[in-house]
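Reader: I have a model open and would like to know how its descriptions are reached. Could you take me through them?
Author: Gladly, let us look together.

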Amino acid sequence: MNIYDIIFYLFAAITLVSGFFVVSTKNIVHAGFYLLFTLFGVAGLYVLLGADFIAIVQLLVYVGGILILLLFGVMLTNKITSVDLRSGTSYIIPAVIGVGILWGALTAVLFKTSWRSKAPSGMDPTTSEIGRLLITDYVLVFELLGILLLVALIGAASIARRDKE
Amino acid sequence: MIEVGLTHFLIVSSALFSFGIYGIITRKNAVMVLMGIELILNAANINFVAFSRYLNLGLSGQVAALFVIILAAAEAAIALAIVLNIYKTFDHVNVDEIEKLKE
Amino acid sequence: MLTEFGKIFVFLLVAIIFVAVSIFIAKLIRPVRPTKEKLKTYECGENPVGTPWIKFNIRFYVVALIFLIFDVEVVLLFPWALSYKEYGFYGFLVGIIFLVILAVGMAYEWRKGDLEWARPKPNIPYLKKIIKNQTGEINQLQSEESKIE
């Protein structure tokens, strides 16, 4: 068991334990903070998979942006006076059974499939190669993402602003 | 103990996916449902990046993961704006009780 | 042999261990005499009023939203900026079209006033008159708030 494996198990444990707490804790703000650790653990897994740029993007966009937006959502959708940040749950036992069956099926498929895996390549920097792909193969997607972001910006701002008039 | 390989990462991602599904099924608060969706998107992303490293696909998997992260950002922005409007209209964000499209 | 991320990992580990050890040592040697005053939430010396779980102003959300979208834009421009030179003018054009599309969104937000914080109109008090008594002291200051249009 080398150092790579130890670090993998560390980050996998961070991801899964805090992911479990995200869906099991009652307090929504606590769930948001556990989600921080889950996203951080996933960023660590990306680093172990040799995806340095994706790991940094995960930290920049998910931890620095989406999570903050989610916490704003929590803060904006709860009453001022009554501290009712608890989130109700429903159908716990059927959900546990169904999700357990789902996970069992997924892992069974994982082990049954013979992946045509190759020896992992080295940990080269990927950023400029991703840029090359964005300019050549995925250039249409790149421009469409610009339009998507434009639509998201205008749409979300006008939905959120609607109370003024 | 066997060396960490593709299967290990896939097991982690399938467990994360299951947690996300569980969160979506059991929670009533719309923001919590969104957090479940974020877990699912992260699980899918781990799969993309893992396949990009261990299968013979080049870096396309990482580019796909980048697109998923960006789509998740746009989705979170729009979804939370809608949730804020739901809160303004119904005074709660309980997804089980929101059944009218119009007042 | 450490990679660059390995250095970051070691740095993280050292940071966590440093904080944990210093808190643990402080817990060992400090006296524990809690009073009601000490346990109160620290709010710059003031007595805390109300609950910290307050509702935010919705303008914070709009600002966070604009931040997120342009954050994503910068993230997409990083790989482009590293390798557009290899493709000459075509590579340059790809990024410029992307930037122009998002500049439209920027112009929209600017036009709609989302980038400006709605400032409250200032109420500046001014002296209306000063009444002096026989000793010449200033007895009463009548001030009145007025709205400056």
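Author: This is a predicted model. Of the 103 residues of chain B, 57% count as buried.

Reader: What makes a residue of chain B count as buried?
Author: A residue is called buried if 20 or more other C-beta atoms lie within 10 Å of its own, and 57% of the 103 residues in chain B count as such.

Reader: Thanks! How do you know whether chain B is spread out or a compact globule?
Author: The globule rule gives 13 Å for 103 residues, while the radius of gyration of chain B is 17 Å, well over that value, so chain B is more spread out than a compact globule. Along the principal axes, its C-alpha atoms fill a box of roughly 55 × 30 × 15 Å. The secondary structure of chain B consists of three helices and zero strands, in the pattern α-α-α.

Reader: Which residues make the contact, and what classes do they belong to?
Author: Among them are A:Leu145, A:Leu149 and A:Ala152 of H6(A), and B:Phe67, B:Ile70 and B:Ala74 of H3(B). By class, this contact has 16 nonpolar, two polar and no charged residues.

Methods:
Residues are numbered from 1 along each chain as its sequence is written. Chains are lettered from A and ligands numbered from 1 in the order in which they are written. This is a predicted model: local features need pLDDT of at least 70, side-chain atom pairs count only at pLDDT 80 or more; totals for chains, interfaces and linings use all residues. Two residues are in contact if their C-beta atoms, placed from the backbone, lie within 7 Å. Helices (H or I, at least four residues) and strands (E, at least two) are DSSP runs, numbered from the N terminus. Ala, Val, Leu, Ile, Met, Phe, Trp, Tyr, Cys and Pro count as nonpolar, Asp, Glu, Lys and Arg as charged, and the others, Gly among them, as polar. The radius of gyration is taken over C-alpha atoms; the globule rule is 2.2 Å times the number of residues to the power 0.38. A residue is buried if 20 or more other C-beta atoms lie within 10 Å of its own, exposed if 12 or fewer, and partly exposed in between; C-beta atoms are placed from the backbone.
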